[in-house]
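Here is my note on the two-chain model you sent. Please read it with the structure open beside you.

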Amino acid sequence: MKAIAKRARAEPPVLSPEAHRFADEGYVNLRGAFANVDAFNRVIEGIVRENASKPVFMRYEKFFTLDEVGFTYEKFASTSYMLRLPEIHALSAELLGLIDACRFEDRLAALLPGAPRMELLQSLYFPFSSNQASHSDKYLVSPRPYKRETLCGLCLALDGSSRLNGALFGWSGSHKVTVKPQLADYPKYGDYSRDLSVTMANAGLKPRFIYAEPGDVVVWASDFVHGGASPLVPNIPRRSLVLHYGAPAER
Amino acid sequence: MKVRLHVGPHRTGTTYIQYAAFANREALAEAGVLFINKPAQCVGIPRALIALDAEGALGMFDQLLAEARSEIAGAAKAQAVLYSSEVFFEADPRQRPQYEAAYAKFLEGLGKRGHEVEIVFVERDLEDLLTSNALLQTSMGNLRYVGPSATAFLEYVETYSWLKSMYFASGGTLHLDFAALTASGDLFANFTKAGLGVSLASPRSIDPSIDARNSLTDRQVARGLLLAPIVNWLELFGSVPRFELFNAAQPLRPPVSEALLDEVVANVPMLRDTFRAVARNAIDSFVKHHGVATAA
């Protein structure tokens, strides 16, 4: 009996179809993962309005106030100017409460081998497509020590995405390409993205759009190569809240 | 100072001339010509003009000139300035009046700074130029010239004709013949002698791959045909311009076997024939429409 019980424990856990897909392709879209899209949008609008005169808005790695770039909230929401709002979760207990209530930690643990304990590392709010060329988050996200292989990026869709407003895109299977160009070796981000794109194409991979509806959460793996597509039509919003989770480093 | 603007056009050895001139900046300065491009392929001034920002173009000119004066040994001896970019031929014909106004303002600004502008233009047989351009574009995955229609070629000729006329009408022009520049000897040496009145005793040679990148083999054209889907996707959606992709640390490989690539390569000569024929049709249409005489 003892031997049977031991063998049963050694059986690999049954993985969900989502976990299989995540392991194979490097990303998965959790359809309808959160229902309170309107609540997220309402709270985020309040955060942007309340912080308009604070230098918390980022454009090309520099921080600005909305006043400094001549933007009101309405203009921020309707004019693509490559603005983003990093660490938005730290600006509002209400938003953090909404995020916590979604229990994304549990969904992520179910996707990863060994079901690690995950915690929120950082956040970014985008009113439009990030328009960011191909990159991997693995060595770009470094708010505090964590196990890099467990890093997960989550894109909470607050608007639907399409080719018109610039959907997320990714190179399916790219997380399995072990040798990649690293940003630290390049003076220019564009050169890094270019060489990473060539590396992916030469590995036989192809970029694909990852479409999402409001309430979907696209989750990508630590070394998954992805980006925000250039929109075909400017100034169509694609609001999204990007969260990064990881398992804390052992001390 | 005399400012020589070498405006190209494309496919007349501009890349080679720019890299060679950059490698020989000190020798050119000693000979009286300050080559202000930095880097060798310096596109800021025409890009600013295309964006209709004459003040921005003038600011860049001032900056490049100041940097060249401080960085290049022998700069004090120079009596003339050379700036070179074929991007002057990338202006959008839909913004013709605005571009012409920006360019006129740019010339006026240079005049106010005490400079006298002379255009350096290299003329290449138009059929050769159109064919060479179509091959180059195809090698980079731009397939707009692939087909029997002359429309894309004709649009190119229309823009080329407009810009050439505008540059020629804007002041003094030095009109060089590409066939003569390439007939014998080194293109750069011939260019400096004919265009600048300078003979460098022993010019520094440049990386041979720079020239090779601009000569088009059947294999390069075949690669462009096969890579077109991903090159265009990345340019349109992925924020990676096609020129950048072809400058990557490792070459972009076509997504097919070497055997299949060889089969495509074997078909490229037919494409060359087609390009040349369609280019001829486009020139004939242009001449018929505009009622101009040609020697061809």
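**Notes on the model**

1. Start with helix H5 of chain B. Its buried residues are B:Tyr99, B:Ala102, B:Tyr103, B:Phe106 and B:Leu110. Buried means that 20 or more other C-beta atoms lie within 10 Å of the residue's own; exposed means 12 or fewer, and partly exposed is in between, with C-beta atoms placed from the backbone. Seen down the axis of H5(B), these buried residues fall within an arc of 95°, so they line one face of the helix. The arc is that of the directions from the helix axis to the C-beta atoms.

2. A word on the source. This is a predicted model, where local features need pLDDT of at least 70 and side-chain atom pairs count only at pLDDT 80 or more, while totals for chains, interfaces and linings use all residues. Residues are numbered from 1 along each chain as its sequence is written, and chains are lettered from A and ligands numbered from 1 in the order in which they are written.

3. Back to H5(B), residues 96–112. It has 17 residues and reaches 24 Å from its first C-alpha to its last, close to the 24 Å expected at 1.5 Å a residue. That expected span is 1.5 Å times one less than the number of residues. Helices (H or I, at least four residues) and strands (E, at least two) are DSSP runs, numbered from the N terminus.

4. Now look at the other face of H5(B). Turned away from the buried side are the exposed residues B:Pro97, B:Glu108 and B:Lys112. The cover over the buried residues includes strands S1 (2–8) and S4 (116–123) and helices H3 (44–50) and H4 (54–71) of chain B. Just after the helix, B:Gly114 takes a positive phi of about 90°.

5. Compare helix H3 of chain A, residues 37–50. It has 14 residues and reaches 20 Å from first C-alpha to last, close to the 20 Å expected at 1.5 Å a residue. Its buried residues are A:Phe40, A:Ile44 and A:Val48. They fall within an arc of 65° seen down the axis of H3(A), so they line one face of the helix. The face turned away from them carries exposed A:Asp38, A:Arg42 and A:Glu50.

6. Next, the cores. A nonpolar core is a set of buried Ala, Val, Leu, Ile, Met, Phe, Trp, Tyr and Cys residues joined through C-beta atoms within 7 Å. The largest has 71 residues, and A:Leu156 is one of those with the most contacts inside it. S7(A) gives the most to this core, with seven residues. Another core, of 68 residues, lies apart from it and has B:Phe106 among its members.

7. Which residues does A:Leu156 touch, leaving aside neighbours within four places in sequence? They are A:Phe34, A:Phe40, A:Val217, A:Ser240, A:Leu241 and A:Leu243. Contact means that the two C-beta atoms, placed from the backbone, lie within 7 Å.

8. Where do the chains meet? The contact takes 18 residues from chain A and 16 residues from chain B. Helix H7 (residues 189–202) of chain A supplies eight residues, the largest share of chain A's side.

9. Chain A has seven helices and twelve strands. Chain B has 13 helices and five strands. Of the 251 residues of chain A, 39% count as buried. For the 296 residues of chain B, the figure is 38%.
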